[in-house]
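Hi,

Here is the structure I promised to pass on.

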Amino acid sequence: MRTILITGPGGSGRTTVAAATALNAAREGTRTLVLSADRTDTLGAALGVRTGLAPAEAGDNLTTWRPDATEHFRADLTAFQDRATTALDLLGATRLDAEEVTPLPGAEELALLRALRDAATSDTYDLLVVDLPPTPQALALLSLPEELRRYLRRLLPAERQAARALRPVLGRLAGIPMPAEWLYETAARWDLELAAVEAVVEDRATTVRLVAEPGPAGTDAVRAAGTALALRGLSVDALVANRVLPGATNDTWLAALAAQQRKGLDEWQETYDVHEVPHRGHDPRGAHDLAALPVPGVVNETPPPVEWPLEDRLADEGVLVWHIPLPGAIRDELDLIRRGDELVVTVGQFRRIMPLPSALRRCTVDGAALREGELRIRFAPDPGLWPRTR
């Protein structure tokens with residue numbers, strides 16, 4: 001199943017483009033589900049129908065879904081209290097009723113990720129269109145499964161011998177039974193669920209579609225988004241230039257604005273597959289307006305994966321070079337830290353902690369350079385760890 005993640009700067013019209021993309025695909029006979037994480041029904045306003053907290057038909061081959069974060073959070077908290085009944089009673093804690101529970105910050109994101117996983121593993125749909133939040137929040141959302149899995153591995157490692165040995169001692173000290181086994185079982189279940197979401201995000205059939213208005217602000221936003229998406233290993237299949245003004249006009253003010261947009265469009269076309277959506281003079285509403293928007297269609301071909309190749313230069317230079325594509329990255333905004341078997345890469349406000357390939361774990365960092373939109377890190381073999389040859 002193809003998955004298209006649609007994001008862009010705030011106010012760029014990404015929800016309208018997501019609705020038009022889903023509607024056009026459905027009209028071509030593709031069983032389509034469009035997901036939204038917005039608390040307000042902006043997706044329904046664009047489609048001209050009301051979207052619900054459960055999947056609902058919005059036309060032939062088209063289903064809409066705005067996941068209910070409150071219901072999921074209540075169910076998870078109730079299950080937690082049921083499993084931890086003994087410990088809660090010994091501590092004198094009062095259980096919370098489902099009716100008094102309100103979702104914590106981040107519950108909407110987790111609900112959307114869960115819906116993304118459920119939809120992607122279902123045989124009901126051929127295409128999944130996801131209306132994501134603005135790009136910074138969208139990147140944080142997409143990175144959440146990987147980061148949470150890393151936290152779980154650090155806090156609750158799979159090797160449980162130490163926890164089993166210490167459990168009786170901790171239990172006597174605290175005066176309550178320590179639910180170590182239950183804790184690890186819960187962590188293992190969470191890890192499986194997060195891995196399923198991560199697999200959907202990293203699947204080759206998952207692509208990102210950026211939506212932005214051409215202009216100075218849009219150009220800066222697209223540059224930052226492209227770099228951050230590359231850092232996550234996500235590919236951009238199209239850039240939708242929304243609300244493009246006509247070039248030929250007698251209005252001096254509009255002509256200047258159109259010329260400014262054209263400058264941004266020319267710059268984007270050097271890097272992206274740009275699709276121009278003209279300004280309609282009003283916010284598109286309903287199926288008729290959406291059908292008139294020339295949004296890019298859905299290509300059935302699987303796009304090529306984003307690769308981070310490891311180049312062997314041991315024979316000539318005595319190093320291995322790791323190539324990480326970071327288009328649009330600026331040297332002053334780039335930071336690189338080696339920490340154990342992990343590499344911490346920071347580009348502006350975005351950061352990713354990546355495990356090193358096995359060969360590089362036995363090396364030391366010999367230098368790094370940013371050239372032609374690519375970070376090239378040199379690793380020299382550590383004599384104490386690298387296998388010797390005769």
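Predicted model: local features only at pLDDT ≥ 70, side-chain atom pairs only at ≥ 80, totals over all residues.

Below are my notes on the helix packing, the cavities and one of the pockets.

Residues are numbered from 1 along each chain as its sequence is written, and side-chain values use heavy atoms, with hydrogens and water left out.

Helices first. Elements are DSSP runs numbered from the N terminus, with helices being H or I of at least four residues and strands E of at least two. α5 (107-120) packs against α6 (135-155) at an angle of about 85°, and their axes are 10 Å apart. On the α5 side the contact (heavy atoms within 4.5 Å) uses E109, L110, L112 and L113, and on the α6 side L141, L144, P145 and L148. Seven of these residues are nonpolar, none is polar and one is charged. For the classes, Ala, Val, Leu, Ile, Met, Phe, Trp, Tyr, Cys and Pro are nonpolar, Asp, Glu, Lys and Arg are charged, and the others, Gly among them, are polar.

The other pair is α9 (residues 216-231) and α10 (residues 252-268), at about 20° with axes 9 Å apart. That makes α9 roughly parallel to α10. P216, G218, T219 and V222 of α9 meet Q260, G264, E267 and W268 of α10, a set of three nonpolar, four polar and one charged.

On a 1 Å grid over the protein atoms alone, a cavity is a set of points where a 1.4 Å probe fits but cannot get out; a pocket is an open set with protein on both sides within 12 Å along at least five of seven lines, and lining residues have an atom within 4 Å of a point. Grid points are joined across faces, edges and corners, and a volume is the space filled by probe spheres set on the points.

There are two cavities of 30 Å³ or more. The largest has a volume of about 70 Å³, and its lining is L142, P145, E146, E198, V201, E202, R232, L234 and R352. By class that lining has four nonpolar, no polar and five charged residues. The second largest cavity holds about 30 Å³. L5, L112, L113, L116, V130, L132, L141 and L142 surround the second largest cavity, and its lining counts eight nonpolar, no polar and no charged residues. α5 gives the most to that lining, three residues.

Last, the second largest pocket, at about 370 Å³. It has 15 lining residues, and E146, R150, R153, I353 and P355 are the closest to its centre. α6, α8 (180-202) and β13 (350-355) each give two or more residues to this pocket, with the largest share, seven, from α6. The lining of the second largest pocket has four nonpolar, no polar and 11 charged residues.

Cheers

Terms used. Axes fitted to C-alpha atoms, helices over the stretch in contact; angles between N-to-C directions. Parallel < 35°, antiparallel > 145°, perpendicular 65-115°, else oblique.
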